[in-house]
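My notes follow in the order I took them.

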Amino acid sequence: MTSDQYHESVHSLHSNPGGHPPPANASLPYSNKGESEDMPALSPASQSPAEQEKLRKIDEILHSDIGVSSLLNRLKQSIAACKDFALFLKRRASLEEEHAQGLRKICRMTHESIRRPENRQGTYARSFEETTQIHERIAENGIQFSLALHQMHEDLAELSNNMERGRKHWKQVGLTVEKKLHEAELLVDKAKIKYDTAAEEWDRARSGDRRSGKTAFSLRGSRNGPRHEEDLQRKVATADSDYQNRVQLANTHRHEAVNSLRPQAVRALRDMIAECDAGLTVQLQRFAQFNEKLLLHNGLSVSPIKTDGADSGGAHSMRDVINMINNDKDFESFVLDLANKVPPQAMNQVRYERHPSINQQTPGVVTSPNSSAIAIQPQNYQANQPQGMHGHQPDHRDMMDQGQGSQQQPQGFGAVVQQAAILPTQHSMPNAEYSHSQYGMDYPRLRPVFGVPLEALLTRDESVVPIVVLQCVQAVDLYGLDVEGIYRLSGERKHVERIKQIFDNDSSSLDFRKREDFFYDVNSVASILKQFFRDLPEPLLTDALYQDFISASHIDDETMRRDSLHELINKLPDPNYATLRILILHLHRIQANSNVNRMSSNNLAICFGPTLMGSNTSPNIADATWQVRVIDTILQHCFSIFDDD
């Protein structure tokens, strides 16, 4: 083989640096029959040209020299994602278990304390016990949820460990193949350099050209003779042989890597990535499903679904359970249970018996066999009468009314007051708890106020603002600005019901400037005002403008949101506008004293948002946050929207 032929051979090899034969055959080295059979794909006819080109590009990249290392990095990312989510599940499961165990513990403690004799019994005890049972069911749901999360954590941990072991194996196999191929190609490059250098020296020696090289100094003399040329020729032949062997070995390694080992590694790594990602996705779906089940079961525990054919003895919602509490019945049962403990009393009055040794009357004392009993009768009656809820004693004037016609003796030395016995009758005493004479009466709905449209109240009462609103606002302005939690705390139920009955009978009979007209309970006045707005057939801000108010609340810019709400308020009917104006100016006075009553504009908006915009039982509860934002914005810009006349 001549030098020119060697150069042509070397040139052909370096024009294809990977050592591949020329692309005479149509099939690519990474498209083998086994892989196509193991990985089913759509028929080319069912794929668009762009999709086919994308798949071809992906396949080409994965089977290139960087394919194995790239897939190893991608599998490492999938394993890291599995570990992160598994750690999240473990911590979430611990939190859920701790919460459920704590809830179960307090339920057990509460069960033990409910039946203690020093605690309140009756309907309260039964309702509270059923409430704790609902919480026990919620705790059980939490424990089951925690166990499911623990199992998911273990599954993901096992999956990530398996993928980690597989990755280590294929990293060793794949990178070893790539390293061997790389080293073989480096040896080819070195052999070629050695071969080129020897061929050039031999060519110069034959042609006698010494310009491109230096004459080597030797004690044996110049080496330019035929012997020297033969040495260079043998050197070229040796380098050529070594170069050919290196090229052949590199091609063998590349052929083995491209057609066997690399496709196996790529296929295995892609399968592991798909398995890891699919397992993680399945666990994420299970996590979402378990969260939905937890919330659903807790919701059904708090408020079971009621059907028309349901048994009346079935499970009750927590609200129904709480509404079963009857304070009056519990109090009556408590008192009646004491009937057997009341000590026996003498059927007759205590009699005075004079000692036989005393034969004459004491001077200055009016003798009467019952005088002692009559004298102490009022004191005994007053001591034995039950006190009211607030500890008020019966009015002295009422007791004097019962003793009309009694005779009063001069109270000198030794005198005894002699008067008629004061005996309690069914209607002789007013209610000991309140001085309002109408508290125990029943009132018909002669002029109803609650549940009546504002237009009807305007037509009937000739007042653009309902009288009940004016009365309540006036009372809270006088007595409730400094009350902590005003409008957040509810008034006593029986006070609210009584005031509501009186308003529905005749609004003019109440004057809330007098505290006794609302039983000295300003929280009841606040509850009456909120109850009036809740009972309106249509919310104060109207159903027609509801969506417009909600849309305006979504505006982030404060000024634009204020102006949009101002424009909508101006569209309200006259009674609604006037009533809203009175209420907002009143609530602004409440928030001005928030350092005392703790009722900021946001707290007031939370109390009045659903009340003024829609019932709590309607689908509008989903917009509760935006309802609160509407009222809060109106309160903060009160004087920009309304005049303070």
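**Entry 1**

I started with Asp461, which forms a salt bridge with Arg447, the closest N and O atoms being 2.8 Å apart. Asp461 lies in helix H11 (residues 454-461), while Arg447 is in the loop between helix H10 (396-402) and H11, so the pair ties together parts that are 14 residues apart in sequence. I also looked up the cover on Arg447: it is partly exposed, at a relative accessible area of 35%. A reminder to myself that this is a predicted model.

How many salt bridges does the structure hold? I get 21. Side chains of opposite charge can pair when their charged atoms come close.

I picked out Glu140 and Arg104, whose side chains meet in a salt bridge at 2.6 Å, N to O. Glu140 sits in helix H5 (residues 123-207) and Arg104 in helix H4 (residues 67-114), so this pair ties together parts that are 36 residues apart in sequence.

Next I checked Arg562 and Asp563, which form a salt bridge with the closest N and O atoms 3.0 Å apart. Arg562 counts as partly exposed at 23% relative accessibility, and Asp563 is partly exposed too, at 38%. I then noted a network: salt bridges that share partners join Glu53, Arg56 and Glu60.

**Entry 1: H14 against H19**

I moved on to a helix pair. Helix H14 (residues 522-534) and helix H19 (residues 601-613) pack at an angle of about 30 degrees, with their axes 8 Å apart. Angles under 35 degrees count as roughly parallel, and that makes H14 roughly parallel to H19.

Which residues make the contact? From H14 I listed Lys530, Phe533 and Arg534, and from H19 Phe608, Thr611 and Leu612. By type, the residues of this contact divide into three nonpolar, one polar and two charged.

**Entry 2: a closer look at H19**

I stayed on H19 and asked how many of its residues are buried. The count is ten of 13, so I wrote the helix down as mostly covered. Among the buried ones are Phe608, Thr611 and Leu612, which I had already listed for the contact with H14. Ser601, Leu604 and Met613 are also on the buried list.

What covers them? The cover includes H14, helix H15 (546-553), helix H17 (574-592) and helix H20 (624-636).

I also found a kink of about 35 degrees at Cys607 in H19, shortly before the proline Pro610. Both Cys607 and Pro610 are among the buried residues of H19.

Is Gln283 buried or exposed? At 8% relative accessibility, Gln283 counts as buried, because the cut-off for buried is under 20%. Leaving aside neighbours within four places in sequence, I find Gln283 in contact with Phe85, Met152, Asp155 and Leu156.

Ser241 is partly exposed, with a relative accessible area of 37%. I noted one distance here: the C-alpha atoms of Ser241 and Ala191 are separated by 9.4 Å, and the two residues are 50 apart along the chain.

Notes:
Residues numbered from 1 in each chain as written. Predicted model: local features only at pLDDT ≥ 70, side-chain atom pairs only at ≥ 80, totals over all residues. Heavy atoms only, no water. Axes fitted to C-alpha atoms, helices over the stretch in contact; angles between N-to-C directions. Helix = DSSP H or I, 4+ residues; strand = E, 2+ residues; numbered from the N terminus. Parallel < 35°, antiparallel > 145°, perpendicular 65-115°, else oblique. Contact = heavy atoms within 4.5 Å. Nonpolar A, V, L, I, M, F, W, Y, C, P; charged D, E, K, R; others polar. Salt bridge = Lys/Arg side-chain N within 4 Å of Asp/Glu carboxyl O. Buried < 20%, exposed > 50% of the residue type's maximum accessible area, 1.4 Å probe, protein only. Bend = angle between axes of the 7 residues up to and from the residue.
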